[in-house]
Every structure is written in C-alpha cells, then in structure tokens.
Amino acid sequence: MAIDVAVPSTPIPAPEVAGRSLRQLAWARFRKDRAAMTSLGVLAFLFLIAIFAPLICSWIGVDPYTFNSSAISDDGGKPVGAWGGISWQHPFGVEWGTGRDIFARLLYGLRISLMISIIATTITVVLGTFFGIVSGYAGGKTDAILGRFMDLILAFPFLLIVLALSGAFTQRITALGVPEGNASRIVYLILIFSLFGWPYLSRIIRGQVLSLREREFVESATAMGASGRRILFKEILPNLWAPILVYASLTLPTYIGAEAALSFLGVGILPPEPSFGAILADSVNYFKLVPSYLFIPGGILAILVVTFNLVGDGVRDALDPRAARS
Amino acid sequence: MTGYVTRRVLIMVLMLLVLTFAVFILFNLLPADVARLTCGKICTPQTLEANRIKLGLDQPVLMQFWYFFKGLFVGREYYGGDAPIACPAPCLGYSFQRNELVTTLIGQRLPATIWLALGAFVFWMVGGISLGIYSALRRGKWQDKSVMGVSLIGYSLPSFFLGLVMIYVVIIQLKLLPFPRYVSPFENPVQFFQAMLLPWIVLAILYAAFYMRLTRSQMLDAMGEDFIRTARAKGLPERTVIGRHALRAGLTPIVTAAGLDLAGLLGGAIITEALFSLPGIGTLALSAVVNPDQPIIVGTVLITSAFIIIANLIVDLLYAAIDPRVRLA
C-alpha cells in the first residue's frame, strides 16, 4: 500500500537574511540611543542657524556690530527694559553701554567658534591618523622617534602652551602676510589646536595599527605582493574609522571650550568680533544686575558642548558595543 | 629593578634637555621679532632697542641658546642697566618690565598654586572615587544614571562658565562667602579658606567627573572577576570585598591619572586662578601674555612641562613597583 505523501510543488522559500554592513549595524544602534539622537537634532539645528546667521539676522532686523543708542538709557548705558532689554526686537537683549544686539552677536560667535573647531579637528584627525599609522606600521626607530616626539608635545599643558605661544606665533603668522588682528588670531587658534592636539589621537591609532598589522588579511595582502601603500590605505585605514570618528566627535567640543576659554581670558578672538568667551567675560561686570548676560550665552555654550559629548558617547557605544556604558 | 630605574631616569634627563631646546626654539625662532614680545603693551622704540641688547637678542641664535642653557646650570648675568644683573642658577630669565628674576616671580606665585592644586585634589579624589564606586554598585539604577549625568555635565561644562555661575550663586545671590581675596593660610586661616573654597570646588567638579567614570568602569570590570566570587564565597563581608578586593584591583590606572593631573595642576590652573584672582603661576603666565613679557612666559612653560615629565617618571616607577610585568616590557 502506497502512502501518499503530499509533496509541495514549490519549495518553501527560506526567510531572507538581509546582509547588513557594520556601518548599518552601528547606525541602527545609534538610532536607538535617545540621548544621542536628540543631541544630534539639537546640533543640526545649531549648525543650520550658524550657517544662515546673516540671513536670520537680516530677517529679524538685527546686526552684531551696530550700536543701538535707542535701546539703552542715555546715562550710563543701561539697557531699556527688564532682563537686559529683552524684547521682540532684541530676543536676547542688548549689550550694556553699546546696545549691540546679543542674539546677533551669539549667532556670529557660534559661527566663528564652529568654524575654528571644525577646521582644527579636521587637521588634528589627518595629522593624528597619518602619524599614528606611520608609527604603528613602521615600528622600530621611526616609531621610537615619533613616540618621544609625541611625549614631548604632550608634556606641554594644552591651555598653557596655547596661551603662551599666542604672542610669538601670531606675530609670525602676521609677518607671513595674514592680516593683523582677528584673522591672524583665528589662523593661530586653528594651527595651535591642531599642532598640539594630534598626539592624543596618534597614540590610539598606533595601538590599533600594531594589532591590525598582525592580522591574517594583512598577511595575505603582503603575500600577494601588495605594496606598502596599498596595505596602509586599502587594508588598514578602513579599519580605523571607528576610533577616528569617536575621537573627532570628542575633540570638537574640547576645541570649542578652549576657544571660548581663550577669548574669555582676552587672548582669543577680540572685540568687536563676537565670541562666546568675550561675551561671557563682559557679562562679569553686569551680571549682578542682568543675570541673563551670563546665563543665555553660557547656557548655549554648555548645550553645545554637552550635546557634542553625548553624540560622541553615542558614536562610541554604537561602534564598539562591548564598551557600552551600561 | 635598578636597571629599569636607571634607564627611565636617563630617558627623563634626556627628555628634559630636549624640552629645554624645544622651548628655546619655539619662543626664539618662531616669532618674527622677539624683542617686541618682551616689551609690554606700551612699547617705545627706545625700550625695544634697549631690551634687544639687555636680553642678548642681538647675538647669534646659537650664542643665545648657549647663554640660556648655561644660565640654567651655572647662572648668567644680564648687562644693559647701570650695573650687571646677576641671575644665579637655575636662571630662568629676567623680566626687565618688572625688574625681577623669573625664578623669584615663580617662587612668589607657587604657594597659591600648590594650595589650590592640593585642596582640589583631595576634594576630587574623595568625591570622584566614592561616587564612582557608588555608581558601580547601583549599576543601571537611577542612582547610577544620575551620577553619570552629573559626571557628563562636569566634564562638559566650560570651566569658566561653571566658575562664573558659582560666583553668581554663592557670592552674589546667597552671599555665603565674601569675594575671594587670597592670603597665606599661616597669616589668616579663616580668610584663606573663604578664598579657596569655591576655587577648590570648581576645579574638583571638573576633575571628579573623569574619576567617577574611571572608577565606575574599573569597579565594574573588577566585580566580574573570579576572585570577587571567591572572596564572597569565603564569606567575607561585602565591605571588604569591595574595598580590599575590587577597588584595589582597579586602582592602578586611577593612581596613574591622578599623578599626572596633579602635576599638570601644579603648573597653574589658568582659568580658575583668573576667575578667583588667585596669585598663582597661571595668572602670572596670563599677565605675561596679555602684557607681553616673554622671559616670564618661557620660565613658566619650562617649569610646568618639567613638572609633567618628572611626574610621568614617578608614575611609571610606581607602576613598576606595583606591577612587576611592566619592568620586563
């Protein structure tokens, strides 16, 4: 007796496994991190208003440099109205004595601060990655010399050396043809941040390269006769994006803070050019009467740095799930 | 061990020599006109030329370096005034603006900086380590999350903003403390503590943030180890398990970081000193930058970086004493 076995005419398709790249996995993890996603949104907003600062200012009808004698009292220059003269016309109030619009000054300050820190971070990352790879891959004497050189740079406290070299270095930059004043100072800040910032990244990259170069895929590339350059840039570099990205997102806020600190001390960006540091330094004289002078710029600066750090933490957790925070 | 120590000390001496050379290059070859950087905000052509000769800036660069280097070990003399000015070893330079030896100026400013660093150190180590342990023991709970939140704010907030908010709240609004005016603790201890309390707290918050995270992660790593399970299985009280076993295992990187941070602070906490007008190394360097006086800048940079290099050595040696594997590497 034959048993009828129902044979399905078509085989049941196996559930499709979607291949996901490491990048997609990391992005999926990052998207679940609510603090990091919110921060990313806040940062995107701050970036946009910094880029479109001139447009926004002309739309509201304010300007960071114009003195407004109508917004301040005739004797002593106290802003008219409560909280430093906050009104529809001047959303964050006006400066004591000059009547310059604080909203416009903060927007332009944000622009300069982001410009300096983004350029400096980019140069830092390029230098740090390059020397880290060279040091880790070449090994031997090159590594030893570069290592001692980095030790030397790291022996200088960051803020002190930035402060100490400002006179000497800015003078040289001006002598090389950059216009005197804030143009030279901006170039100085970008250069000094990069020159004294790269060894921190370089150390990390070097360690990564040391372990990567012993891996099988590098060995097989060598066996196939790949050139040193190909191994460095096609085999090793793609594996370094995670530490580079993490480091960059944590360096940027450091540079924002350093620029603000220097301007606060009177050696960074100088008035009449607006900057967070200078605005806060100015607030010291009046914050007893007008606390908003301290809390509005300080609050925005704090939000900027905190959100950057949260994004940085998020990136780290997403790229390296083993080092997750909780 | 002796071989290791000798090797490390030799490397340190070499580093110090290279450092001296690097500082000289940075401050003498980088600027277009060094004399201009020694002559303050209001600078007449006469002072400018006089400084050029007084400081030996008209000499060839190699000779200048030789004088500078020699001055560090056997002292040197500055000419140009009526009588030559003797600068005994270790000669870090002479400020013709203030008519003082740089070593004297640094010596005057060192006490305030040391008090600031030591006080803040005690606050942040106690606060950072205990909160870090607490956070690790309450892992994932709201206590852990709030400690980590505080830590995030602590390391993100720009130090000068934190300081300004403290001044505004504590001194201006609540009037809990008078505006800080530094005196030596031996002269007037009450006023000393009143002046130092806020700077200590501000610096401690900034530094503690990092130590909270470090201690927490070290503790979490250690708590997962087998020897903790063994300790618990032996029936040791939880207190001993945490204090004697877990914390001790994770202490090394904390000690390392603490040594380097303390050394860095001994070179002056520029922003905190400036905010609370403390007469320390940081404000000395700052005033020499605002009102250009290069010999003072060079002196402070040299001293501070030497502190860090020496601290590096001490930390490395401590490390080797604690962990024998380091010596073999």
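Residues are numbered from 1 along each chain as its sequence is written, and chains are lettered from A, as ligands are numbered from 1, in the order in which they are written. Because the model is predicted, local features need pLDDT of at least 70 and side-chain atom pairs count only at pLDDT 80 or more, whereas totals for chains, interfaces and linings use all residues; side-chain values use heavy atoms, with hydrogens and water left out.

**View 1. The contact between chain A and chain B.** Chain A contributes 46 residues and chain B 44 residues, contact meaning heavy atoms within 4.5 Å. About 3800 Å² is buried between the two chains, 81% of it on carbon and sulfur atoms; buried area is the accessible area (1.4 Å probe) that two parts lose on being put together, summed over both. Five residue pairs are in polar contact between chain A and chain B, both residues being at pLDDT 80 or more. Five helices of chain A, namely α6 (140-155), α7 (158-164), α8 (166-175), α12 (241-265) and α14 (292-319), each supply at least two residues of the side that touches chain B. The most comes from α14(A), with twelve residues. By residue class, the side of chain A that touches chain B has 31 nonpolar, eight polar and seven charged residues. A polar contact is a pair of N or O atoms within 3.5 Å; within protein, one must be able to donate a hydrogen and the other to accept it, and residues adjacent in sequence count only if both atoms are side-chain atoms. Helices (H or I, at least four residues) and strands (E, at least two) are DSSP runs, numbered from the N terminus. Ala, Val, Leu, Ile, Met, Phe, Trp, Tyr, Cys and Pro count as nonpolar, Asp, Glu, Lys and Arg as charged, and the others, Gly among them, as polar.

**View 2. The salt bridge between B:R213 and A:D313.** One salt bridge is counted between chain A and chain B, a salt bridge being a side-chain nitrogen of Lys or Arg within 4 Å of a carboxyl oxygen of Asp or Glu. The closest N and O atoms of B:R213 and A:D313 are 3.4 Å apart. The pair runs from helix α7 (residues 189-223) of chain B, which holds B:R213, to helix α14 of chain A, which holds A:D313. A:D313 has a relative accessible area of 1% and is buried; buried means under 20% relative accessible area, exposed over 50%, and partly exposed in between (1.4 Å probe, protein chains only).

**View 3. Salt bridges within each chain.** In chain A, the side chains of A:R213 and A:E214 form a salt bridge with N to O at 3.3 Å. A:R213 is partly exposed at 28% relative accessibility, whereas A:E214 is exposed at 55%. In chain B, the closest N and O atoms of B:E238 and B:R232 are 2.8 Å apart in a salt bridge. B:E238 is partly exposed at 38%, and B:R232 is partly exposed at 39%. Salt bridges with shared partners also join A:D313, A:R316, A:D317 and B:R213 into one network. Over all chains the structure holds 13 salt bridges.

**View 4. Aromatic pairs and a cluster.** There are 33 aromatic pairs over all chains. Rings of Phe, Tyr and Trp (its six-membered ring) pair if their centres lie within 6.5 Å; planes under 30 degrees apart count as stacked, over 60 as edge-to-face and the rest as tilted. A:F130 and A:F131 are edge-to-face because their planes stand at 80 degrees, with ring centres 5.2 Å apart. A:F130 is partly exposed at 46%, and A:F131 is partly exposed at 24%. A:F287 and B:Y168 are also edge-to-face, 5.5 Å centre to centre with 70 degrees between the planes. This pair joins two chains, because A:F287 lies in the loop between α13 (276-283) and α14 of chain A and B:Y168 in helix α6 (residues 159-173) of chain B. Both A:F287 and B:Y168 are buried. In chain B, one aromatic cluster is formed by B:W115, B:F123, B:Y182, B:F186, B:F192, B:F193 and B:W200.

View 5. A:T129 is placed in helix α5 (residues 102-138) of chain A and is buried, with a relative accessible area of 9%. B:L110 is placed in helix α4 (residues 102-137) of chain B and is partly exposed at 23%. B:L110 and B:G282 are 172 residues apart in sequence, while their C-alpha atoms are 9.6 Å apart in space.
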